[in-house]
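Morning, everyone. Please have the sequence and the model open.

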Amino acid sequence: MPEARASSPPSRTMVKSTSSTTPERRVACCPTTTSTTDEKRRRHHPCFALTLAHLRSHLYPLVSSTTALAHPEFPTTLLAYHLLTSRQLDELAIHYHQVWPPTPATSYYPVVIPPWVGTENEKGVDIETKRRRFGRFIGLQRCETPAREEESYSWEMEQKTVTELPEPMNQHEEQFQSFKMANSNPPLITHIYTADPSAHVFNNKLYIYPSHDRETDIQFNDNGDQYDMADYHVFSMESISGPVTDHGTVLTLADVPWASKQLWAPDAASKNGKYYLYLPARDHDGIFRIGVAVAEKPEGPFTARESFIPGSYSIDPASFVDDDGTAYLYFGGIWGGQLQCWSKRDGGWVFDASKTGPQEPSGSNELALHARVAQLTDDMLGFASPVQELVVLDRDGESPIMADDHEKRFFEASWMHKYNGTYYFSYSTGDTHYIAYATGESPLGPFRYRGRILEPVLGWTTHHSIVEFGGRWWIFYHDCELSKGVDHLRSVKVREIKYDDQGEIYLV
């Protein structure tokens with residue numbers, strides 16, 4: 001479900017930074033005269049000529065590491081680039097990378113886009129060096145080495161190289177166009193904003209249970225208040241390539257007696273001929289709880305229970321019904337999701353309001369927080385077992401994941417699926433924006449960290465589900481491409497995944 005927003009997305013913050021830093025144009029108190037080009041040049045000392053020409057240099061386009069689409073608002077000149085703050089550059093290095101060599105249509109590239117900054121083997125590189133590398137990465141000159149005069153080195157030469165690049169591409173234009181169409185990956189739903197998709201196959205049809213984003217005047221904050229959803233829609237598809245049917249509003253905030261606001265990421269399950277929608281929301285004390293609504297059909301409408309599930313808390317419920325019919329509910333999310341507020345005391349879980357907001361354990365000896373899991377009762381309406389932690393160990397299967405390891409630690413967005421007898425637990429890493437996964441031999445764990453499925457998408461949050469449909473496996477997720485980077489206005493997308501001989505997941 002929505003992660004609390006740590007900072008504005010690059011596409012928003014850069015515009016603000018550039019506009020706020022640009023000086024206002026003032027009107028001169030003297031008669032207007034027409035200046036020739038030579039007169040304009042004489043206004044500057046000759047020693048500035050090369051510098052000014054350099055600042056007008058055009059930058060190569062910056063593209064998403066996931067979609068290969070160009071950043072819509074990235075500065076086009078070196079001068080505008082220098083108005084960005086170091087923090088904005090660091091954020092760009094996470095989400096966007098330069099395709100090398102560049103072409104006018106970078107989305108044509110049928111290759112994985114490798115990052116130059118922040119890779120696994122660069123953890124020890126100091127930040128200043130990373131910034132210099134990032135400058136060279138996006139096409140700036142002399143970022144890695146001190147400036148020096150070289151006859152063979154010029155911007156004009158690189159411009160010439162760029163103009164020559166499309167020529168070989170034209171030899172395979174049909175192939176590139178075909179690739180572009182196959183990988184443009186448009187949103188599945190465009191008439192409303194949808195996020196946090198939970199996908200399931202019921203009655204040989206694919207159903208999607210997302211949250212419903214909406215416009216809001218609520219200020220962005222780390223508590224996630226801007227994610228102010230008030231109802232749920234259900235969507236269905238006969239095939240991945242077919243049209244999407246919107247079954248309309250199936251449940252509203254007013255239909256949930258115990259909830260006060262924020263219908264965040266839901267999930268659904270089927271058992272005993274009925275369908276169950278698990279939903280998180282704040283109760284009337286402002287504490288996130290998880291409730292359940294019941295329907296006779298997968299598309300609803302759903303009727304909510306009078307109260308939330310006793311013993312439930314936090315956000316992002318994910319249901320899983322095993323082959324033997326035993327059902328489980330996974331949940332939890334830190335920061336705005338309040339998971340860090342709950343600790344075990346006297347055999348139960350106790351809420352500490354002082355830990356609300358963007359807080360979590362930190363420090364060299366602190367362990368990461370874990371997601372939660374409980375077995376569901378046979379009627380799917382309550383917990384049949386105490387809530388317990390779902391332990392994810394590091395790659396070696398023995399070492400715990402530490403709290404400061406934000407590239408691996410659990411943040412939110414639990415999902416469970418089963419492949420070839422192995423249980424796959426996947427989740428979001430939050431402020432590092434990955435979808436990671438771990439595997440185990442039991443739905444209750446422990447699990448061993450295996451790697452990442454999705455790299456960061458456009459927008460701060462990332463949330464997913466994985467399902468088999470039509471004999472193939474798919475990952476549903478969201479990004480903010482349709483809203484041009486607005487964090488709380490997201491759209492559902494889908495990509496195919498496969499497994500190698502070791503059970504590792506990779507994108508197709």
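A strand here is a DSSP run of E, at least two residues long, and strands are numbered from the N terminus. One more thing before we start: this is a predicted model.

First stop, Ser319. Where is Ser319 found? In strand β12, which covers residues 318-321. Is Ser319 buried or exposed? Buried counts as under 20% relative accessible area. Ser319 has 6% relative accessibility, so Ser319 is buried.

Now its surroundings. Set aside the neighbours within four places in sequence. Then Ser319 is in contact with His200, Asp267, Ala268, Ala269, Tyr278, Tyr328 and Leu329. Pick out Ala268 from that list. Its backbone oxygen lies 2.9 Å from a polar atom of the Ser319 side chain.

Second stop, a sheet. Four strands form an open sheet, and the order is β23-β24-β25-β26. The pairing is antiparallel. Look at the edges: β23, residues 464-469, and β26, residues 505-507. Each has a single partner strand, so one side of each has no neighbour in the sheet. On average, neighbouring strands of this sheet are turned by 40° against each other, direction ignored.

Zoom in on one pair. Strand β25 spans residues 491-499, and three bridges join β25 to β26. These two run antiparallel. Which residue of β26 does Tyr499 stand opposite? Ile505.

Last stop, cysteines. A disulfide is a covalent bond between the sulfur atoms of two cysteines.

Notes:
Residues numbered from 1 in each chain as written. Predicted model: local features only at pLDDT ≥ 70, side-chain atom pairs only at ≥ 80, totals over all residues. Heavy atoms only, no water. Buried < 20%, exposed > 50% of the residue type's maximum accessible area, 1.4 Å probe, protein only. Polar contact = N/O pair within 3.5 Å; in protein donor to acceptor, adjacent residues only side chain to side chain. Contact = heavy atoms within 4.5 Å. Pairing = 2+ DSSP bridges. Axes fitted to C-alpha atoms, helices over the stretch in contact; angles between N-to-C directions.
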